[in-house]
Amino acid sequence: MIQFNDEVRDALADGRPVVALESTIISHGMPYPDNVAMATEVEAIVREGGATPATIAVLGGVPRAGLTEADLDLLASDPGVAKVSVRDLAHVVARRGHGATTVAATMRLAALAGIDVFVTGGLGGVHRGAAETFDVSADLTELAVTPVTVVCAGVKSILDIALTLEVLETNGVPVLVHGSDEFPAFYSRTSGYAAPSRSDSVEELAATVAAARSLGLTSGIVVANPVPEADEIPAAEIGAVIDHALADLGALGIGGKDVTPYLLKRIVELTDGASLVTNIALVRHNARLGAALAVACAAATGA
Ligand code: PSU
Ligand code: MN
């Protein structure tokens, strides 16, 4: 079902470390051409870290792991690329369309491909006001059932961070914060919420992944990697911007799958691009950690 490029196929066959990367962040999470520059750079960082990058998307109805430069450029610039979460996967395949996969859909395809570690920027979660709208990202549903480790920078406060952590707890998803006692809020190192667990070393993260699998736990694992201090936007500063973007969202009556892309775009506009600089910096940072984790996991499996 999944088409691999040679590099990813060979790495998986040899049991060498592979890192999955998502594509909604390219097509619907950042503007062109920063998005394609980010996607290319992140692949290079994963390689420098000793792992093989496998960017995942659906192209012409074919789920693919490991893309060409031309594929990345198409995802970054073609307005016909759909945002594909798990519910959208079957139809985009059937109609032979192009789809950029969310965290949820990328996890599902990574699991099918046999890839254990996945790097992204931020997770979807429970939206603010979800008690009224029922808007809870399918990323959380997928984390409950699919054994892939997702390295991210936590959850933005466009979401209800407390409720997102509650749902992860309910669903038995381990949430490990790398090097901090606080769960990070994407743009900021702090969120006001304690880290469910803290881990200070890649070795311990890899041992946790291995232990989860030995225990037969079938959920995903969240590794939250706080944005470096030099790149963060302080919580109070970004908080006001997020409130503004949420007010604009409400006034426009936007709902469903368009909510997250609209908010990301609006926050870039309202910060004159500063949020994009932070977003790219934290993805780079996650790629370094994710590559190191994939290397440590592959070494543990090979041993
Ligand atoms: N957060 C970001 N950038 C992104 C996304 C979230 O900072 O690009 C994307 C991811 O692909 C995530 C998706 O899986 O948005 C969640 O969308 P929704 O809230 O509609 O489930
Ligand atoms: Mn939603």
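Aspartate 6 and arginine 9 both belong to helix α1 (residues 6-14), where they sit three residues apart, about one turn of the helix. In general, an α-helix has 3.6 residues a turn, so residues three or four places apart point the same way. In this predicted model, the side chains of aspartate 6 and arginine 9 form a salt bridge, with N to O at 3.1 Å. Arginine 9 is partly exposed, and its relative accessible area is 40%.

### Salt bridges

The count of salt bridges comes to 13. Three of them are listed here.

| Pair | N to O distance |
|---|---|
| Aspartate 6 and arginine 9 | 3.1 Å |
| Glutamate 7 and arginine 47 | 2.9 Å |
| Arginine 266 and aspartate 248 | 2.7 Å |

Glutamate 7 is joined to arginine 47 by a salt bridge. Glutamate 7 lies in helix α1 and arginine 47 in helix α3, so this pair ties together parts that are 40 residues apart in sequence. Glutamate 7 counts as partly exposed, at 30% relative accessibility. Arginine 47 also counts as partly exposed, at 40%.

A salt bridge also joins the side chains of arginine 266 and aspartate 248. This pair links distant parts of the chain, with arginine 266 in helix α12 and aspartate 248 in helix α11, 18 residues apart. Both residues belong to a network of salt bridges made up of Asp248, Lys265, Arg266 and Glu269.

### Helix α3

Helix α3 has 15 residues, and the distance from its first C-alpha to its last is 21 Å, close to the 21 Å expected at 1.5 Å a residue. Its buried residues are Asn35, Val36, Met38, Ala39, Val42, Glu43, Ile45 and Val46. These buried residues pack against β2 (18-21), α2, β3 (52-59), α4 (69-77) and α13. Just after α3, glycine 50 has a positive phi of about 90°.

### Helix α12

Most residues other than glycine have a negative phi, and most peptide bonds are trans. Some places in this model depart from that pattern, as follows.

Is aspartate 272 buried or exposed? Aspartate 272 counts as exposed, because its relative accessibility is 75% and the cut-off for exposed is over 50%.

Phenylalanine 186 has a positive phi of about 65°, although this residue is not a glycine. Where does phenylalanine 186 lie? Phenylalanine 186 is found in the loop between β9 (175-178) and β10 (197-199). Phenylalanine 186 is buried, because its relative accessible area is 2% and buried means under 20%.

The peptide bond from tyrosine 32 to proline 33 is cis, with omega near 5°. Proline 33 lies in the loop between α2 (24-27) and α3 (34-48).

Conventions:
Residues are numbered from 1 along each chain as its sequence is written. Chains are lettered from A and ligands numbered from 1 in the order in which they are written. This is a predicted model: local features need pLDDT of at least 70, side-chain atom pairs count only at pLDDT 80 or more; totals for chains, interfaces and linings use all residues. Side-chain values use heavy atoms; hydrogens and water are left out. Helices (H or I, at least four residues) and strands (E, at least two) are DSSP runs, numbered from the N terminus. Buried means under 20% relative accessible area, exposed over 50%, partly exposed in between (1.4 Å probe, protein chains only). The expected span of a helix is 1.5 Å times one less than its number of residues. Contact means heavy atoms within 4.5 Å. A salt bridge is a side-chain nitrogen of Lys or Arg within 4 Å of a carboxyl oxygen of Asp or Glu.
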